[in-house]
Number of protein chains: 2
Amino acid sequence: MADTLLRAATRDDAPAIVAITRELIADGGVYPHTAEMTDEELVAYWFQPKAHVVTAELGGQVAGVYLMKPQWMGRGAHVATASYAVANAVRGHGVGEALGRHSIAEARRLGFRAMQFNLVVETNTAAVKLWQKLGFRILATLPGVFRHDVHGYVGAHVMFLEL
Amino acid sequence: MADTLLRAATRDDAPAIVAITRELIADGGVYPHTAEMTDEELVAYWFQPKAHVVTAELGGQVAGVYLMKPQWMGRGAHVATASYAVANAVRGHGVGEALGRHSIAEARRLGFRAMQFNLVVETNTAAVKLWQKLGFRILATLPGVFRHDVHGYVGAHVMFLEL
């Protein structure tokens, strides 16, 4: 989107990032995080060591965020993994896609050879479609690994993109 | 094996566990860890938060170790993941299989619904065969995710067992 600004996150963004994360936790079908997690734990999740954290601003408000980091240490550190979150209020405005495209470009720029998502919940079809649109393919569906609020134990996809 | 003793690890086992891990690091085709990691980092890896750590003793010596922990937090915490290491000197004596069988029984006892391995290097055929013997199946092979000392970038399997 023309008016979406992507920039490095700072600690000043933490309250907005926590608020967006709590929306996804309340959804119950996107993130493994549960409501018992404290704000401090959520901030520690997003600003974890080695994470590259980027926010999307829409109309001057933080509307989404991603973190990207090495999937493994050492001999697996050339593979990136990432998490994304978009505020409910801006769904359907392309913020997720803007974050996705930015993260792929950043992964290339940083020298990663591939990106891997470990837990794309199969019932989260909007996410699955978006990642497929951006070139990711489903390598496996892990059976029953996600305890969904509505659907019970559902599968989650491992999705992969060579850069 | 009749003379393999499996028991909860203690911090007194740390030097032996570090020595075994360094053998696997030197192999260059098993673990993502690299030789630059300090002993303190290796101890922190094995005795990480939420890890259930078990050693195998053979003739009174620590000959192997595994750690098992939840694969994800919250909505994915019913899936276990694990790492295993066996000393070079006792290869072919069934220590790996004893550790594997013990870890599966422990995962069941602790209430996990499945076990998932995230990075079984495809050229490590002894490990792949052992896990298949114990019931694991290959759900995906992640292409080129492991930088192998001899073979360059090789794939690694995601292996899965429903409990």
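**Two helices and a two-fold pair**

In chain B, Ala14(B), Ile17(B), Val18(B) and Thr21(B) of helix α1(B) meet Asp39(B), Leu42(B), Val43(B) and Trp46(B) of helix α2(B); two residues are in contact if their C-beta atoms, placed from the backbone, lie within 7 Å. Please keep in mind that this is a predicted model, where local features need pLDDT of at least 70, side-chain atom pairs count only at pLDDT 80 or more, and totals for chains, interfaces and linings use all residues. Residues are numbered from 1 along each chain as its sequence is written, and chains are lettered from A in the order in which they are written.

**The helix pair in chain B**

- The contact of α1(B) with α2(B) divides into six nonpolar residues, one polar and one charged (Ala, Val, Leu, Ile, Met, Phe, Trp, Tyr, Cys and Pro count as nonpolar, Asp, Glu, Lys and Arg as charged, and the others, Gly among them, as polar).

**How the chains are related**

**Where the chains meet**

- On chain A, 25 residues are in contact with 25 residues of chain B.
- The side of chain A that touches chain B gets the most from β6(A), with eight residues (strands are DSSP runs of E, at least two residues, numbered from the N terminus, and helices are runs of H or I, at least four).
- This side of chain A divides into 14 nonpolar, seven polar and four charged residues.
- The copies meet through the same surface, because 100% of the interface residues of chain A are also interface residues in chain B.
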